[in-house]
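Biologist: I would like a close look at a single part of this model, taken slowly and with its surroundings kept in view.

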Amino acid sequence: MTITALSAMVFLPFVLPICLWVAWSDMATMRIPNKAVMALFFVYAIIGIFVLPLDEYLWRYLHLVIILFLGIILNAAGAIGAGDAKFAAAAAPLVALGDLRLLMVLFAANLLAAVITHRLAKKSPLRRMAPNWESWNRGWDFPMGLSLGTTLAIYLILGALYGA
């Protein structure tokens, strides 16, 4: 992994609750709160300056711009929601460029597991634990915040354990 174990460990306690908030909120309301997106952005902006070399810290803002641009295009095409695009953009600076391939594999596996788990839970007695979640009633719509949030959390956990 390219991310340093130190940066992953320092980001993790601040990012993990935001990831859980995003996953929960998207399942419950099919929306990712702007406050969660802004909180994630501020975690990077405030903590990143202390745990990353200055040149890398500044270059990673380009990750945000590129992913936001792609997210706007995908949102306009109806492929993803606006909250998904904003969350992915805010998360992008937290990912080391050298880990992009790993992140894509993590996301693909996580998305598959999340869709299967969500669909099974929807048809099981587990649904009674949260009977009013909007995501149960949306047909083929899927709360991508579940997969986006858990992918970022898993990436940082792996970075803390196995990072450079």
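How much space lies in the largest pocket, and which residues lie nearest its centre?

Modeller: Bearing in mind that this is a predicted model, the space in the largest pocket comes to about 700 Å³. Its lining is made up of 26 residues, and those that lie nearest the centre are I67, A88, L100, L103 and M104. By class, the lining of this pocket divides into 22 nonpolar residues, three polar ones and one charged one. Four helices, namely α3, α4 (82-91), α5 (100-122) and α6 (144-162), each supply at least two residues of that lining, and the largest share, eight residues, comes from α3.

Helix α3 spans residues 54-76 and includes L70, a residue that also belongs to a nonpolar surface patch of about 780 Å², made by W59, L62, V65, I66, I67, F69, L70 and I73. L70 has a relative accessible area of 42%, and because this value falls between the limits of 20% and 50%, L70 is classed as partly exposed. I67, which is named in that patch, is also one of the residues nearest the centre of the largest pocket.

For a contrasting position, one can turn to G48 in helix α2, which covers residues 34-51. G48 has a relative accessibility of 0% and therefore counts as buried, the cut-off being under 20%.

How values were computed. Residues numbered from 1 in each chain as written. Predicted model: local features only at pLDDT ≥ 70, side-chain atom pairs only at ≥ 80, totals over all residues. Heavy atoms only, no water. Patch = residues over 30% accessible without salt bridge, like charges linked within 9 Å, V, L, I, M, F, W, Y side chains within 5 Å. Areas by Shrake-Rupley, 256 points an atom, 1.4 Å probe, with all protein chains shown as cover. Salt bridge = Lys/Arg side-chain N within 4 Å of Asp/Glu carboxyl O. Buried < 20%, exposed > 50% of the residue type's maximum accessible area, 1.4 Å probe, protein only. 1 Å grid on protein atoms, 1.4 Å probe; cavity = no way out; pocket = protein on both sides within 12 Å on 5 of 7 lines; lining within 4 Å. Points joined across faces, edges and corners; volume = space filled by probe spheres on them. Nonpolar A, V, L, I, M, F, W, Y, C, P; charged D, E, K, R; others polar.
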